[in-house]
Amino acid sequence: MGQTPSPATKSTRTRAPRKPKKSQLPYALLATALVIAFGFYLNHFNDNMVVYLLFGLSFGVILQRSRFCFTASMRDPCITGSTSVTRAVLVACSLATIGFTAIKYSAYMQGNPIPGMDNVGPISFALVIGAVLFGIGMVIAGGCASGTLMRVGEGFTMQMISLFFFVLGSLWGAHDMGWWRAHVIKDAPAVFLPDIFGWLGALIVQFLIILLLYIASVKWQEKKMGSAE
């Protein structure tokens, strides 16, 4: 029978102590100083540019700290079964629905052109193709547009490569957009829900769809993970 090794014969190897993390405070102070200087520079051209800068920085911090990502909202339910990010996206869509409806309805009541109507895109076969290709691409790349930009700021090399091809693909798409409009999109209907259901009806339909998706996401996680927490 084999003998149990005595404490003296056991390996005396121990893990090497971790190196203390280098303080990032100097980099943070330098970045803050550069942002302030850039803000003063922009202020010479347009006061609104400073507001845009602050909004962009705030949005980036929120994205980074919350790990908010549209890719994860679609990918995680299929891979891990978790729908926490999916539900967060649905809540964000609800808030956006309230805000955009208020802006558009206010312009409508005042007799002004409804803002954003140029972005009411036609529902065509091109939309289906684009959605499928974009979905495949963002899962492979590990992030949507906002998630990719956020991770580029964190220094992820993979997302830097993704951003390059994101820009390249966007330029290619813009170059071919005329062909798609002429041959595929031109006869496709553009759907604006208030034109079909009225403003209140469109709001109700939108919230019902979001509510049903939210309930479905909760049920899905309970089925896959045993809990919706």
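Modeller: F134 has a relative accessibility of 42% and therefore counts as partly exposed, a class that lies between buried (under 20% relative accessible area) and exposed (over 50%), using a 1.4 Å probe and protein chains only. F166 is also partly exposed because its relative accessibility is 33%. The model is predicted, so local features need pLDDT of at least 70 and side-chain atom pairs count only at pLDDT 80 or more, while totals for chains, interfaces and linings use all residues. Residues are numbered from 1 along each chain as its sequence is written, and side-chain values use heavy atoms, leaving out hydrogens and water.

Across the whole structure, a search finds 10 aromatic pairs (rings of Phe, Tyr and Trp, for Trp its six-membered ring, with centres within 6.5 Å; planes under 30 degrees apart are stacked, over 60 edge-to-face, the rest tilted). One of them joins Y41 and F45 edge-to-face, with 5.1 Å from centre to centre and 70 degrees between the planes; Y41 is partly exposed at 47% relative accessibility, whereas F45 is exposed, with a relative accessible area of 60%. F134 and F166 also form an edge-to-face pair, at 6.4 Å centre to centre and 85 degrees between the planes. Because F134 lies in helix α5 and F166 in helix α7 (residues 157–185), this pair ties together parts that are 32 residues apart in sequence; helices here are DSSP runs of H or I, at least four residues, numbered from the N terminus. Elsewhere, ring pairs link Y105, Y108, F192 and W199 into a cluster.

Technical notes: Helix = DSSP H or I, 4+ residues; strand = E, 2+ residues; numbered from the N terminus.
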